[in-house]
Amino acid sequence: MGVPRWGPAGARGAAFPAHRGSIPGATVRTARLHPREVETIGGAPVTSPLRTAADLLRFAPDPVARPSLRRLVEGGYVSVSSIRWHLAGLDRYPGVGAARARIDELLHEAPRAA
């Protein structure tokens, strides 16, 4: 007897479909990630702190982005200068111009001269 394709959680070899419908309150974005933008936590792939910070600046509303960015910076996971450097290297990506403008406001930093 073969292993069922769809089975109960923990079934050996079972595969479960990805959630394809909409999730209330969630926005799903897809992008190709460079290997340096991915880390693993407990075996699960997650975006690196730098990629996460850039995505928060590009896409998240202020009430979500501000506390998350502060935790990343104050926790030592990423520096404001590394976020600036990363954003400076992104051209023609959606939301990058707004992200560059938002970093000072969200992190209460004085704007830097160009």
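Apart from neighbours within four places in sequence, Leu87 is in contact with Ala54, Leu57, Val96, Ala99 and Arg100, where contact denotes heavy atoms within 4.5 Å. The structure is a predicted model, in which local features need pLDDT of at least 70 and side-chain atom pairs count only at pLDDT 80 or more, while totals for chains, interfaces and linings use all residues. Residues are numbered from 1 along each chain as its sequence is written, and side-chain values use heavy atoms, with hydrogens and water left out.

Leu87 is also one of the residues with the most contacts inside the largest nonpolar core, together with Leu57, Leu69 and Ile83; this core has 18 residues. A nonpolar core is taken as a set of buried Ala, Val, Leu, Ile, Met, Phe, Trp, Tyr and Cys residues joined through side-chain atoms within 4.5 Å. Burial corresponds to a relative accessible area under 20% and exposure to one over 50%, with partly exposed residues in between (1.4 Å probe, protein chains only). Two or more residues are given to the core by each of helix H1 (49-59), helix H2 (62-74), helix H3 (80-88) and helix H4 (96-107). The largest share, 5 residues, comes from H4. Helices (H or I, at least four residues) and strands (E, at least two) are DSSP runs, numbered from the N terminus. In soluble globular proteins, nonpolar side chains tend to be buried together.

After H4 comes His108, with a positive phi near 55 degrees. In the loop between H3 and H4 lies Pro94, which is exposed at a relative accessible area of 53%. Leaving aside neighbours within four places in sequence, Pro94 is in contact with Arg58 and Phe59. The C-alpha atoms of Pro94 and Arg58 are 7.4 Å apart, although the two residues are separated by 36 residues in sequence.

In total, 6 salt bridges were counted, the criterion being a side-chain nitrogen of Lys or Arg within 4 Å of a carboxyl oxygen of Asp or Glu. One of them joins Arg84 and Asp104, with the closest N and O atoms 2.7 Å apart. This pair links distant parts of the chain, since Arg84 is in helix H3 and Asp104 in helix H4, 20 residues apart. Both residues are buried, Asp104 having a relative accessible area of 14%.

A network of salt bridges links Glu37, Arg51, Asp55 and Arg58. Within it, the side chains of Arg51 and Glu37 meet at 3.0 Å, N to O. Arg51 lies in helix H1 and Glu37 in the segment before strand E1 (38-41), so the pair ties together parts that are 14 residues apart in sequence. Arg51 counts as buried at 11% relative accessibility, and Glu37 is likewise buried, with a relative accessible area of 11%. Asp55 forms a salt bridge with Arg58, with the closest N and O atoms 3.4 Å apart. These two residues are 3 apart in helix H1 and are therefore separated by about one helical turn. Arg58 is buried, at a relative accessible area of 12%.
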